Amino acid sequence: MSWQMPKLIPRSAPMILLVLTLAAATGFAAVSHLVSRYTANQQARGRKLYALGLESAKASHYDDAIAAFRAALTCDPTNSQYQLSLARALRDSNVPRRLDEAESYLIALWQRTPQDAAVNLALARVAAHRGSIEDATRYYHNAMYGVWSSDLDANRNKARIELIQFLLKQGARAQADSELIALAAALPPDPAAHLQTAQLFQQALDYPGALAQYEEALHLDPGNSTALAGAGETAYHSGNYSSAQRYLRSAVNANPADAESRQLLASTDLVLLANPFHSHISDAERNRRINAAFSQAENRLTACAQQAGIDLTKTDLTNNNLKNTAPASALPGLQARWQLAKPDLNLLRSPAETDLPDSIMDVVFQIEEQTAATCGQPQGLDLALLLISQKREAAGQ
Amino acid sequence: MSNPAPLVDPSAPSSTPAARVKTSRRLFSTLEGVFHEEVFFLILSVFIGIFSGLAVVCFRLTIDWMHLALLGPLPQTHSWRLFAVPSLAGLVVAALVMRVFPGIRGSGVNQTKSALYIFNGFIPFRTAVGKFICAGIAIGSGQSLGPEDPSLQIGASIASALGRQLEISREKLRLMAPVGAAAGLAAAFNAPISAVLFVIEEVIGRWSAGILGSVVLSAVASVVVVRSFLGSEPLFRIPVTTFKRPTELIAYAVLGIAGGLASVAFAKSIGYFRPLLKALPRWTQYFQPAIAGLLVGLIGFLGFPQVMGAGYDSMDQAMHGQYAWKVLALLAVLKILATTVSFVSGTPGGMFAPTLFIGAMLGGAVGDIERFYFPHLTGSTGTYVLVGMGVLFAGFLRVPMTSVFMVLEVSGNYEIIVPVIVANTFSYLISRSLQSIPIFDLLTRQDGLILPSLEEEREETILRVEDAMLPVPATILSAQDYVDANFRRVQNSADSTFLVRMHPSGWNTATRDQLQRLFREGKGELTLASVLSSQSLPSLYPDLPLDSALRYVNDYPLIPVVNRADSRHLEGIVSRDSVFEKYGSRRAIEVTHLDPL
């Protein structure tokens with residue numbers, strides 16, 4: 001087949017350029033039209049695929065979601081929303097290999113819009129998946145102070161709560177505590193928010209902070225049984241047994257089915273009843289409590305020795321450093337100390353013996369601590385004595 | 001060239017229509033004067049770039065559209081479409097190639113090179129149309145081929161058609177094909193530097209400063225056009241690539257060795273099967289692309305749809321560590337199989353993208369294995385994937401310069417230049433030692449053509465003037481001396497012709513007979529300068545090609561070879577005998593080394 005293209009272009013150089021320019025302009029216009037139609041079609045197809053991906057992601061079918069988001073992106077490669085959703089699906093699919101790709105999408109988005117809170121939050125979550133405290137903290141902070149499309153304060157607090165939960169999971173309690181303080185300062189007057197924050201404080205073992213948040217929640221919603229129970233529990237753990245008794249009693253009244261609070265209340269009552277160092281009791285009552293504690297300690301020691309198969313008669317009186325001795329081997333020594341201290345009980349009534357209650361109770365506390373270490377957490381009065389011991393120790397420190 | 005006239009005469013009244021026409025004519029005549037051929041060719045290169053860019057945009061849309069229409073937007077495995085579509089599309093493509101568009105089989109690089117060296121730059125415009133349609137259907141339906149080489153041929157074809165329309169000189173028309181080829185490739189690859197280098201290394205096959213400007217202009221123009229329509233997003237999302245310790249180069253060298261071996265396997269399989277299939281009866285060619293499509297589709301059906309089509313999405317995923325090393329290695333092997341099958345069946349389509357795919361997968365696999373055994377290696381999977389791409393480019397296509405710049409241009413990261421160079425060097429050397437003929441040269445030779453190549457040129461030992469140079473003669477006459485004095489100096493010499501140093505510069509010759517005759521004629525008291533011809537001898541420099549001496553050896557018995565820094569300093573001489581003797585000994589060596597087959 002011999003086909004010759006007809007001569008379309010004149011010979012004069014300026015005319016050639018004119019014709020070529022016109023041809024190029026026409027070509028541009030035609031291709032622009034073609035590309036815009038194609039792009040519109042592709043974008044429509046992309047939206048359908050994106051919706052499909054969202055459905056799959058919602059149903060936790062991440063492989064399908066990833067395929068749909070990828071296909072959506074081939075239709076509209078620069079769509080930030082698609083990229084973000086794909087990155088999220090890659091991250092949430094819990095396949096470690098996919099984290100790299102998720103991160104690369106997110107970093108590309110971040111480079112375009114570093115202030116975008118959603119992108120920073122997604123990057124923070126990737127860093128959290130990797131367990132990188134430094135990166136996660138940086139991106140969570142970027143997210144908190146970034147641009148949110150709506151609900152600025154709520155989203156900011158959510159991001160901070162997520163950071164705190166991540167830090168607590170990583171054991172970074174000091175960092176979590178400082179974030180908690182910042183969170184507490186920015187909370188809205190909402191009991192639920194205060195409750196959530198209080199629980200985080202509790203996880204961070206910051207009981208005073210938690211108690212303050214429970215009290216704030218109770219201030220906003222006085223009958224809130226969760227807040228009452230939480231306040232009671234945190235007061236109990238921080239050694240504030242009077243407050244604990246008050247809150248726990250209210251919690252049990254508000255929710256009689258709350259067995260945990262009921263149990264804590266019983267322990268609290270025992271602590272308050274057994275504590276010989278309570279300031280508002282008479283000398284006689286104090287001596288009664290010391291006597292009761294002393295005999296309880298002996299019972300506990302004997303029972304624990306039997307449980308652990310330890311012969312209490314093999315006494316080593318030379319060992320005074322009980323704290324550095326293995327708990328089980330310390331029990332015979334404690335038995336000996338208990339025997340030595342027993343005559344002192346009769347001297348309690350003497351006004352000259354002001355240090356005696358402390359020395360007697362020191363033997364009791366040592367017995368409770370060592371038996372707890374040897375035989376496990378005690379119950380009832382023994383538990384109360386152990387708690388009093390811990391409170392005394394904390395106060396001494 | 002006519003004298004330039006002012007574009008607008010300020011004194012001329014321009015308000016009347018007649019005056020305006022007059023001004024326009026003057027403007028046109030001025031422009032005519034400005035556009036001498038060289039300038040015009042440069043401007044034309046820009047237009048070639050624009051038209052090629054527009055064509056490649058449409059070509060890419062066609063492939064995407066075909067893919068969506070035939071295979072659907074979502075990747076599928078175990079779907080009948082995966083093997084039915086490429087098989088049926090193969091039948092259509094084969095019918096078009098056999099009946100309507102003969103000569104569009106294969107990649108298009110060789111055809112463009114043939115146009116430059118054999119057909120005076122002539123590539124039928126129908127080739128562009130055929131390549132556009134057939135490669136669009138083939139790649140869109142999932143044949144394991146790429147769009148880059150067809151884009152190159154489409155660009156070259158457009159340029160050639162434009163050149164013929166404009167009836168430019170044969171010399172320029174011959175150069176149109178590579179200019180268009182660079183534009184087409186740059187647009188397809190979104191990488192102008194790599195396109196320019198590839199065209200120089202593979203299409204032109206020799207360094208030519210004369211065409212470089214046009215090639216660069218067309219490549220840049222086409223990339224600008226493509227980016228204005230399709231955006232400037234790179235082909236891949238490049239991950240963080242690092243190179244920290246020089247000892248890690250050993251790991252990249254291992255990748256280079258693996259890449260070299262893979263390149264040889266790939267090239268040998270194509271080189272072996274292509275002539276076998278071409279030798280089959282003509283009617284089988286109607287079915288070869290369909291069978292190839294069926295085989296490629298079966299690979300996809302069995303769980304590896306990544307090997308279908310160009311595969312850029314899969315390369316992107318490999319770059320971000322989405323595949324385990326076993327999958328990467330398997331994909332590399334399957335892609336070699338799939339591309340071999342698609343290419344040797346005569347389906348129109350390119351080998352650029354498959355080469356990158358194989359390199360990417362191989363790089364990722366080797367990198368992952370190395371990092372498993374040597375966890376201290378800092379390079380990410382993405383780094384090895386990128387380097388792997390360059391490695392296959394260097395080993396399979398045998399374009400070492402392009403391979404390095406391609407990785408740099410695609411990644412935009414100069415930190416990995418050293419690993420890329422090291423790995424590519426190993427790959428290139430292994431490929432050269434195990435496969436003496438580069439793949440494109442092999443394909444042209446299978447088609448019965450022998451075209452020049454840069455590799456050939458690199459290996460060629462050029463004879464230079466210094467190779468044929470004789471030592472400085474013992475007797476050099478001075479033009480300032482008298483004839484009798486000079487005659488006395490040459491009387492007992494064995495030579496018959498002597499070099500004469502002219503004053504203040506230049507050289508001449510005199511024979512003993514000539515001096516004797518002058519002496520007898522009583523001109524002994526005259527200076528030699530006064531009796532010799534005033535025309536000086538041409539002189540040569542030692543580094544010039546020996547060919548340049550050929551122009552003079554028949555006219556002059558001796559030619560001085562002088563120093564470039566001081567033309568009065570004689571380095572030696574060449575004579576007709578010395579030059580011919582050198583060529584003779586070279587020919588004797590070449591004849592001795594001729595392959596008896």
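**Figure 1. Confidence along chain B of a predicted model.** Chain B has an average pLDDT of 86 (the predictor's confidence in each residue, from 0 to 100), and 90% of the residues score at least 70. Helix 13 (residues 325–344) of chain B has the highest confidence, with a mean of 95, while helix 1 of chain B has the lowest, at 60. The model scores ipTM 0.74 and pTM 0.70. In this predicted model, local features need pLDDT of at least 70 and side-chain atom pairs count only at pLDDT 80 or more, while totals for chains, interfaces and linings use all residues. Residues are numbered from 1 along each chain as its sequence is written, with chains lettered from A and ligands numbered from 1 in the order in which they are written.

**Figure 2. Two stretches of chain B with pLDDT under 50.** Residues 1–14 of chain B stay under 50, and the model gives them 19 contacts beyond four places in sequence (C-beta atoms, placed from the backbone, within 7 Å). Residues 591–597 of chain B also stay under 50, with zero such contacts.

**Figure 3. The contact between chain A and chain B.** Chain B brings 31 residues and chain A brings 32 residues. On the side of chain B that touches chain A, two or more residues come from each of helix 1 (17–34), helix 2 (37–71), helix 5 (125–140), helix 6 (148–166) and helix 12 (312–319) of chain B; helices are DSSP runs of H or I, at least four residues, numbered from the N terminus. Helix 2 of chain B gives the largest share, nine residues.
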